[in-house]
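Colleague: Thanks for making time to go through this one with me. Could you bring it up on the screen, and then I'll start asking?

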Amino acid sequence: MMTHYLETKKEYPDCILFYRLGDFYEMFFEDARTVSRELELTLTGKDCGLEERAPMCGVPHHAVETYLNRLVQKGYKVAIAEQMEDPKQAKGLVKREVIRVVTPGTILSDQALDETKNNYLMAVVYTGNNYGIATVDITTGDFFVTETGSERALLDEINKFSPSELICNEALYMSGLNVEELRDRYQMAVSSLDSRFFSDDVCRKVLKEHFKVLSLEGLGLGDYENGMIASGCVLQYLYETQKNDLSQLTKLTPYTSGQFMMIDTSTRRNLELVETLREKQKRGSLLWVLDRTRTAMGARMLRSFIEQPLVRKAEIEKRQAAVEELNMNFISREEIREYLNSVYDLERLLGRISYKTANPRDLLAFKTSLSMLPHIKRLLNEFSCDLLKEIHEELDPLEDLYDLVDRAIVEEPPITVREGGIIKDGYSEEADQYRKAKTEGKAWLAELESQEREKTGIKNLKIKFNKVFGYYFEVTNSFKELVPDYFIRKQTLTNAERYTTDRLKELEDVIMGAEDRLYTLEYELFCGVRDQIAGEVVRIQGTAKAIAGADVFTALSAVAMRNNYVKPKINERGVIHIRNGRHPVVEKMMRDDLFVANDTYLDNGKNRISVITGPNMAGKSTYMRQTALIVLMAQIGSFVPADEANIGICDRIFTRVGASDDLASGQSTFMVEMTEVANILRNATKNSLLVLDEIGRGTSTFDGLSIAWAVIEHISNPRLLGAKTLFATHYHELTELEGTINGVNNYCIAVKEQGDDIVFLRKIVKGGADKSYGIQVAKLAGVPDSVIQRAKELVEELSSADITAHAREIAQMSASSVQHKAVAKPDEVDLNQMSIFDTVKDDDIIKELGDLELSTMTPIDALNTLYRLQTRLKNRWQ
């Protein structure tokens with residue numbers, strides 16, 4: 001046995017081997033030490049012919065799922081070696097085989113999976129200039145493939161799908177990608193595979209055979225060379241680990257990033273689309289607000305909508321029409337939602353059925369779900385919009401499968417499949433006969449017992465049973481003399497004797513044989529029902545997607561009505577016009593206060609960039625995020641929190657919000673900020689929406705202001721970028737850009753002053769703020785009075801060295817130079833923009849002196865001006 005164990009382990013060196021021995025799964029040697037340490041189990045030993053006892057650790061077979069899940073969640077792979085024959089009937093060594101390898105991306109257990117999230121396995125193939133990406137969820141049958149040309153785009157795809165396991169070729173390790181950071185940041189298992197998995201010919205062959213097509217063009221993979229290899233690789237990996245035909249993978253969906261709005265990793269995090277920035281919780285995210293789905297399938301589909309907003313107007317309006325019609329027929333909508341309450345996770349139930357791991361109660365849950373389908377289909381027939389009509393057509397009520405399970409499976413079946421009690425009376429004539437023999441056998445035994453008691457005169461004669469001796473007559477010693485000679489002694493006890501007779505043996509054979517044959521037959525019948533359902537995988541998957549769609553759109557409708565959302569108009573002119581918009585999450589989190597709504601107007605012309613000033617805590621970040629979220633919600637087909645909205649389709653949303661050190665990779669706050677800014681400027685287009693908060697604050701005032709200024713100039717120039725932008729800043733000097741750079745407009749957060757205190761009105765108004773109110777905010781935060789007082793003194797002293805006037809000059813100079821400069825090379829323009837604060841000649845001081853109107857200046861103004869000019873001269877001479 002140990003020799004066989006070692007041979008099996010050699011075939012699966014990267015796995016922990018769960019080796020079935022009777023009622024336990026045992027691990028030996030290093031695997032035992034690992035499992036003992038990770039699961040805090042007792043480490044024992046076993047004599048197996050070596051000089052030292054082999055370390056051993058085991059888990060009971062009935063509780064294996066719990067231990068297995070814990071190991072897999074820690075990133076381990078587990079190979080399960082099962083007994084393939086009954087040990088009682090085996091001759092010599094019991095035959096054992098590895099029936100499945102469980103990995104983080106292929107786990108099936110409900111205990112380990114979040115029903116509202118897909119559990120993705122991703123394969124990445126790198127060939128030097130391109131990444132092929134295949135992503136699959138074996139529990140639902142979803143299978144996607146794409147290609148991308150940059151590492152950043154690859155990371156965005158990883159962030160979008162959040163796979164629990166990633167497999168790749170060796171070239172990805174050599175590409176410079178930080179694989180360890182991937183493991184840590186995304187909490188996923190990463191491993192490279194042998195080169196044989198990436199053979200072009202093998203991948204083509206396995207894809208054609210699995211999907212039963214003659215050419216890959218039939219799968220839509222004609223233009224996806226690396227994507228094809230990634231898809232073939234992941235299929236081979238699944239065949240080798242799952243050891244079944246993967247019948248639930250019926251469709252491969254190629255896509256390009258251009259089909260959806262591009263949302264990079266930073267933006268997903270900053271906008272808190274599916275989890276909060278700090279706690280990583282669903283509560284407080286956009287998904288938390290919108291997810292009022294009733295089924296696990298609907299919850300997963302809604303998450304995918306949020307992660308992949310649409311960019312085609314017709315598709316967006318198609319979804320909107322569905323939500324609108326459901327709003328108008330809310331009684332039918334609520335009736336549909338009531339029926340959806342009783343629908344289980346059809347996709348994952350089908351996954352277990354395909355894997356042959358579904359138990360009788362799974363089939364009962366399947367039947368309960370199917371019983372709701374005719375009612376949902378009937379209600380969907382009332383609607384006339386295209387999308388709901390399509391869902392109605394796709395929804396197959398599967399009445400034949402409902403009838404099959406209803407006829408075959410009892411209403412309260414056991415969990416186990418080999419101990420009988422599964423099949424209903426009337427489903428199988430043979431099973432009914434065995435069942436009759438089993439139940440009537442008890443009457444036969446009672447009758448025989450009564451007859452023999454009367455014949456022999458032994459008043460306490462009883463027929464009893466145990467597993468060793470079967471059925472027997474038991475006679476106490478006090479009646480031993482009355483035992484007839486046709487009783488055959490089986491066993492002698494201290495106070496009794498046990499006997500059998502030919503008739504009792506006959507009945508025993510019938511009863512015992514019937515029970516064993518019944519259990520075997522019931523198991524076979526159950527497997528037949530399960531396989532029959534598995535054969536309808538395409539129909540069931542289509543219905544599951546239709547149910548998920550009905551769930552998502554009824555949920556979006558319910559959320560829209562409950563939260564007073566409106567249907568946004570969709571345009572392709574680049575205009576974003578929101579009247580009284582609200583932040584969908586913040587307004588739900590506020591309990592004792594009313595949310596202050598605000599307007600937004602952006603276009604591709606005069607209202608391209610909004611420079612927003614105002615104190616901290618006043619609501620700048622909330623306002624900018626709400627605009628981005630309203631645009632995103634509109635593009636997933638949802639209604640939006642506003643009185644009125646007209647949304648120009650954005651191809652991408654970029655955000656640069658907040659700052660944090662990335663110490664693990666040695667990047668400072670400012671470096672992280674500049675890296676994100678660089679990504680935005682290089683990848684945004686004129687149809688993108690940019691949300692930039694406090695650009696340049698991580699460095700010195702002059703450097704930060706210079707960078708922020710140059711960034712605005714770059715974005716505002718249609719030849720360089722020309723994107724719609726919300727730009728929040730504390731550099732009030734940037735308000736000088738309004739009127740000097742085309743498309744820049746100033747806005748600020750209204751604040752009411754009450755002596756030394758301030759009240760945030762949270763209303764966006766036209767114009768720039770002239771104060772930061774930093775000291776007042778510090779006071780609100782509880783900074784000691786002594787510090788507040790000293791800060792006031794210092795701000796008065798420093799205000800004399802104000803750089804606003806200087807900034808005004810630069811703005812005028814910069815505007816004129818930008819207007820007259822021929823824009824040839826973006827790189828040259830960037831350099832000129834970055835040098836706008838280079839030292840000018842002393843002539844400017846002389847000119848400023850000459851332009852002073854001394855007759856209109858107060859003595860204190862004259863002294864401040866003289867002090868400022870003198871300071872500038874000293875700085876230049878040093």
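This is a predicted model: local features need pLDDT of at least 70, side-chain atom pairs count only at pLDDT 80 or more; totals for chains, interfaces and linings use all residues.

Colleague: Does threonine 740 count as buried or exposed?

Modeller: Threonine 740 sits in the loop between strand E25 (724-728) and strand E26 (744-754). Buried means under 20% relative accessible area. Threonine 740 has 19%, so this residue counts as buried.

Colleague: And how far apart in space are threonine 740 and arginine 453?

Modeller: In sequence, 287 residues separate threonine 740 and arginine 453. For scale, the C-alpha trace of the chain spans about 145 × 75 × 65 Å along its principal axes. From C-alpha to C-alpha, the separation of threonine 740 and arginine 453 is 116 Å.

Colleague: What radius of gyration does the protein chain have, against the globule rule?

Modeller: The chain holds 30 helices and 27 strands. For its 878 residues the globule rule gives 29 Å, and the chain is well over that, so it is more spread out than a compact globule. Its radius of gyration is 37 Å.

Colleague: What share of contacts between residues at least 6 apart in sequence joins residues at least 24 apart?

Modeller: As background, buried residues make up 52% of the 878 in the chain. Turning to contacts between residues at least 6 apart in sequence, the share that joins residues at least 24 apart is 68%.

Colleague: Let's move to threonine 146. Which backbone oxygen does its side chain reach at 2.7 Å?

Modeller: Threonine 146 belongs to strand E9 (residues 142-148), and with a relative accessible area of 2% this threonine is buried. Leaving out residues up to four places away in sequence, threonine 146 touches a set that includes Tyr131, Glu157, Tyr224 and Thr256. The oxygen reached by its side chain at 2.7 Å is that of tyrosine 255.

Colleague: Glu157 also lines the largest cavity. Which elements give two or more residues to that lining?

Modeller: A search of the whole structure finds one cavity of 30 Å³ or more, and about 70 Å³ of space lies in the largest cavity. Its lining includes Glu157, Lys160, Met262 and Ile263. The elements giving two or more residues are helix H4 (151-161) and strand E13 (262-263).

Colleague: How many residues of that lining are charged?

Modeller: Besides Glu157 and Lys160, Arg268 and Glu307 are among the lining residues. The lining also has four nonpolar and two polar residues. The number that are charged is four.

Colleague: One last topic, backbone angles. What is the phi of phenylalanine 29, and where does lysine 212 lie?

Modeller: Phenylalanine 29 is in helix H2 (residues 29-39) and is partly exposed, at 21% relative accessible area. Although not a glycine, phenylalanine 29 has a positive phi of about 55°. Lysine 212 also has a positive phi, near 55°, and is exposed, with a relative accessible area of 73%. Its place is the loop between helix H7 (200-211) and helix H8 (225-242).

Note on methods. Residues are numbered from 1 along each chain as its sequence is written. Side-chain values use heavy atoms; hydrogens and water are left out. On a 1 Å grid over the protein atoms alone, a cavity is a set of points where a 1.4 Å probe fits but cannot get out, and a pocket is an open set with protein on both sides within 12 Å along at least five of seven lines; lining residues have an atom within 4 Å of a point. Grid points are joined across faces, edges and corners, and a volume is the space filled by probe spheres set on the points. Helices (H or I, at least four residues) and strands (E, at least two) are DSSP runs, numbered from the N terminus. Ala, Val, Leu, Ile, Met, Phe, Trp, Tyr, Cys and Pro count as nonpolar, Asp, Glu, Lys and Arg as charged, and the others, Gly among them, as polar. Buried means under 20% relative accessible area, exposed over 50%, partly exposed in between (1.4 Å probe, protein chains only). The radius of gyration is taken over C-alpha atoms; the globule rule is 2.2 Å times the number of residues to the power 0.38. Contact means heavy atoms within 4.5 Å. A polar contact is a pair of N or O atoms within 3.5 Å; within protein, one must be able to donate a hydrogen and the other to accept it, and residues adjacent in sequence count only if both atoms are side-chain atoms.
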